[in-house]
Amino acid sequence: MFKRALVCVLCFSLFSSIAFAEEEAVEEVKNDYQYFLIEPDIITNYIKPGKRVGFVRITIELMVNSKSSYALIENHEPLIRDKIITIFGEQNEVKVKSIAERENIRARCLDEVNALLLTETGKKPVEDLLFTKYLYQ
């Protein structure tokens, strides 16, 4: 009888510790922020007056809050890259060189990337979009 009671207590403690570990794992997934680096850097043209061509080179990192969102971004990277190149192709020289307009471009890229992913996957996985390198000529 004593052995059965001891086995029951040990089994209960084992299962309760497993259930507690699963609860902790769920909390970790919610705040599992990661950065996805779009590689290689995006190099594209922007509108410049006259016959000269303007170039911009940017490094972009996308912040997501879970591993599943990271995988979504990884699978749709070509679409994201295309959307950002399209946005920069529509900008003129003044907007590309202005710090205030650069922030507007960044916000537009974030909104349009999330809108694109919403139509493709039904989710908005990107929490933030950062320009970690921004060079123009």
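Close-up 1. I43 sits in strand β1, which covers residues 34–46; strands here are DSSP runs of E with at least two residues, helices are runs of H or I with at least four residues, and both are numbered from the N terminus. This is a predicted model, in which local features need pLDDT of at least 70 and side-chain atom pairs count only at pLDDT 80 or more, while totals for chains, interfaces and linings use all residues. Residues are numbered from 1 along each chain as its sequence is written, and side-chain values use heavy atoms, with hydrogens and water left out. Is I43 buried or exposed? I43 counts as exposed because its relative accessibility is 54%; exposed means over 50% relative accessible area, buried under 20%, and partly exposed in between (1.4 Å probe, protein chains only). Together with V53 and F55, I43 makes a nonpolar surface patch of about 280 Å². Patch members have over 30% relative accessible area and no salt bridge; like charges are joined within 9 Å and nonpolar side chains (Val, Leu, Ile, Met, Phe, Trp, Tyr) within 5 Å. A salt bridge is a side-chain nitrogen of Lys or Arg within 4 Å of a carboxyl oxygen of Asp or Glu. Areas come from the Shrake-Rupley method with a 1.4 Å probe, and for residues only the protein chains shown count as cover.

**Close-up 2. The cis bond at P40.** Staying in strand β1, we come to P40. The peptide bond that joins E39 to P40 is cis, with omega at about -10°. Most peptide bonds are trans.

**Close-up 3. The three-stranded sheet.** The 3 strands form an open, antiparallel sheet in the order β1-β2-β3. At its edges lie β1 and β3 (128–136), each of which pairs on one side only; a pair of strands needs at least two DSSP bridges between them. On average, neighbouring strands of this sheet are turned by 20° against each other, direction ignored. Between β1 and β2 there are 10 bridges, and I42 has I58 in β2 as its bridge partner. Strand β2 (residues 54–64) is joined to β3 by 8 bridges. On that side, T59 stands opposite K133 in β3, and M63 has D128 as its partner there. Why is β2 described as largely enclosed? Because 8 of its 11 residues are buried, β2 is largely enclosed by the rest of the structure.

**Close-up 4. Helix α2 against the sheet.** Helix α2 (residues 67–75) lies across β1 and β2, and runs at about 25° to β1. Axes are lines fitted to C-alpha atoms, for helices over the stretch in contact, and angles run from 0 to 180 degrees between N-to-C directions; contact means heavy atoms within 4.5 Å.

**Close-up 5. T86 in helix α3.** T86 belongs to helix α3 (residues 77–89). With 37% relative accessibility, T86 counts as partly exposed. Its C-alpha atom is separated by 9.7 Å from that of N45, though T86 and N45 are 41 residues apart along the chain.

**Close-up 6. Stepping back to the chain.** The chain has 5 helices and 3 strands, and from the N terminus on its elements run α-β-β-α-α-α-α-β. Of its 137 residues, 31% count as buried.
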